[in-house]
Amino acid sequence: MTHDKTAGWKARTKAVHAGARRSQYGEMAEAIYLTQGFAYPSAEAAEARFIKTGTDEFIYARYGNPTVAAFEDRIAALEGAEDAFATASGMAAVSGALTAMLRAGDHVVSARALFGSCLYVLEEVLARFGVEVSFVDGTDLAQWRAAIRPGTKAVFLESVSNPTLEVIDLRAVADMAHAAGALVVVDNVFATPVFSRAVELGVDVIVYSATKHIDGQGRCLGGVVCGTRDFIRGTLEPYMKHTGGAMSPFNAWVLLNGLTTMDLRVRAQAAAAHQLAEALEGHAALSRVLYPGLASHPQHALAMDQAGGGGTVIAFDIKGGKEAAFRFMNALEIVLISNNLGDARTIATHPATTTHQRLPEDQKVLLGITPGLIRLSVGLEDAGDLLEDLLAGLACSKG
């Protein structure tokens with residue numbers, strides 16, 4: 001592991017150098033070790049490695065790989081965590097982290113506002129195997145306090161919710177969870193590793209979809225779970241090794257290179273998002289603009305304390321509902337319609353008919369996912385060009 005070596009480095013330095021592994025050739029760019037297995041110098045060496053692998057010793061690509069290990073070390077160093085395990089996708093990370101620690105009869109408390117696939121894991125998969133899940137309004141600390149009980153095994157939440165950008169008080173929830181002996185598992189995608197203070201705020205397990213800001217250019221899937229070495233290697237790794245949610249070495253190489261520019265990209269995207277949110281707030285075609293960086297956001301002060309910025313995603317509600325929202329999206333010329341986020345390209349999503357389509361109507365109403373809601377992931381285009389495109393789309397939304 002390289003974490004002690006990098007401890008005094010600033011984030012951008014870690015993002016370029018942490019976890020680097022070089023062969024005897026001294027290559028500058030990280031090598032891609034595209035191999036499914038590894039040869040041993042002797043039968044005795046094979047036996048010894050299966051008993052206990054040493055540093056930079058590998059058995060099988062489903063268990064670990066030099067390129068994947070470099071990515072794990074680098075993201076752990078950036079997050080300030082002891083260790084990390086890379087997975088095939090963000091949802092492999094979410095489901096793996098939860099399933100590895102839970103068994104029938106366990107109790108989990110979760111924020112209600114979640115990405116659709118996360119809700120499926122909690123409501124369908126875990127419940128099917130006998131795990132009790134209680135849902136709360138994540139912004140209401142009284143509900144957390146009432147739901148967490150002695151013996152609660154874990155709490156789960158998105159630090160910034162998808163798609164309505166609610167911000168949850170991580171330190172307060174962590175204190176309550178730890179008092180009951182529960183682990184705190186946070187999907188930290190919207191906060192990004194750039195703005196994350198999750199470890200400092202008491203979070204035990206941090207989950208990322210690396211598909212989003214870590215790659216940042218829409219090229220490949222990936223996920224990662226960060227946490228203590230005991231949790232990652234003792235609880236998570238055995239489960240992931242035997243169930244097969246491993247990251248591809250090629251994807252790990254892409255994501256390693258994504259990390260080198262992530263800080264620059266995400267800060268530029270967040271600055272543009274803030275500029276656009278300020279320009280859109282109060283627009284006649286919109287009933288509300290949601291962005292944690294705006295003073296009007298209900299948890300603005302908390303967002304500034306936990307992250308120091310508003311992030312790369314804006315949400316806004318177009319008057320006129322679904323029809324007006326569709327007219328807006330179909331009029332866009334620069335902004336693309338997709339369901340991803342954290343990309344270099346600005347993306348508009350209509351959550352009610354895509355990412356959160358499976359939710360019953362009453363849950364959509366409860367979560368604020370209205371027919372007119374648009375989630376806008378801001379990319380790296382010129383902010384002025386983006387604003388012109390958005391304003392032209394809003395003009396068309398009126399029909």
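Reader: Hi! Which residue stands opposite Ile206 in β7?

Author: Opposite Ile206 stands Cys226 in β7. A word on the model before we go on: it is predicted, so local features need pLDDT of at least 70 and side-chain atom pairs count only at pLDDT 80 or more, while totals for chains, interfaces and linings use all residues. Residues are numbered from 1 along each chain as its sequence is written, and side-chain values use heavy atoms, with hydrogens and water left out.

Reader: Thanks. How many bridges join β6 to β7?

Author: Four bridges join β6 (residues 205-209) to β7 (residues 223-227), and the two strands run antiparallel. Strands here are DSSP runs of E with at least two residues, helices are runs of H or I with at least four, and both are numbered from the N terminus. Two strands pair if DSSP finds at least two bridges between them.

Reader: And what is the strand order in the open sheet of seven strands?

Author: The order is β1-β7-β6-β5-β4-β2-β3, with mixed pairing. At the edges are β1 (83-87) and β3 (132-136), each pairing on one side only. On average, neighbouring strands of this sheet are turned by 20° against each other, direction ignored.

Reader: Which strands does α4 touch there?

Author: Helix α4 packs on the sheet and touches β1, β6 and β7, with its direction at about 130° to that of β1. Helix α6 (residues 116-128) packs on the sheet as well, touching β2 (107-111), β3, β4 and β5 (183-187), and its direction makes about 135° with that of β3. Contact means heavy atoms within 4.5 Å. Axes are lines fitted to C-alpha atoms, for helices over the stretch in contact, and angles run from 0 to 180 degrees between N-to-C directions.

Reader: Switching topic: what about the open sheet of five strands, what order does it have?

Author: That one goes β8-β9-β12-β11-β10, again with mixed pairing.

Reader: Is β9 enclosed or open, then? How many of its residues are buried?

Author: Six of the six residues of β9 are buried, so the strand is largely enclosed by the rest of the structure. Buried means under 20% relative accessible area, exposed means over 50%, and partly exposed is in between (1.4 Å probe, protein chains only). Val313, Ala315 and Asp317 point one way from β9, and Ile314, Phe316 and Ile318 point the other way.

Reader: Nice. What stands opposite Asp317 in β9?

Author: Arg288 does. β8 and β9 pair in the antiparallel sense over four bridges. β9 also pairs with β12 in the antiparallel sense, over five bridges, and there Ile314 stands opposite Leu376. Ala348 stands opposite Leu376 too, where β11 (residues 347-349) and β12 (residues 373-377) pair antiparallel over three bridges.

Reader: Where is His350, and is it buried or exposed?

Author: His350 is in the loop between β11 and α14 (361-367). It is buried, with a relative accessible area of 2%. Leaving aside neighbours within four places in sequence, His350 is in contact with Lys322, Ala325, Phe326, Met329, Pro371, Leu373 and Ile374.

Reader: What does α13 lie across?

Author: α13 lies across β9, β10, β11 and β12, running at about 130° to β9. The axes of α13 (residues 321-331) and α15 (residues 383-397) come within 7 Å and cross at roughly 140°. The two helices are therefore oblique to each other; under 35 degrees counts as roughly parallel, over 145 as roughly antiparallel, 65 to 115 as roughly perpendicular and the rest as oblique.

Reader: What phi does Asp56 have?

Author: Asp56 has a positive phi of about 60° although it is not a glycine. Asp56 is in the loop between α3 (43-51) and α4 (66-79), and at 45% relative accessibility it counts as partly exposed. Thr192 has a positive phi too, of about 65°. Thr192 lies in helix α9 (residues 192-195) and is buried, at 1% relative accessible area.
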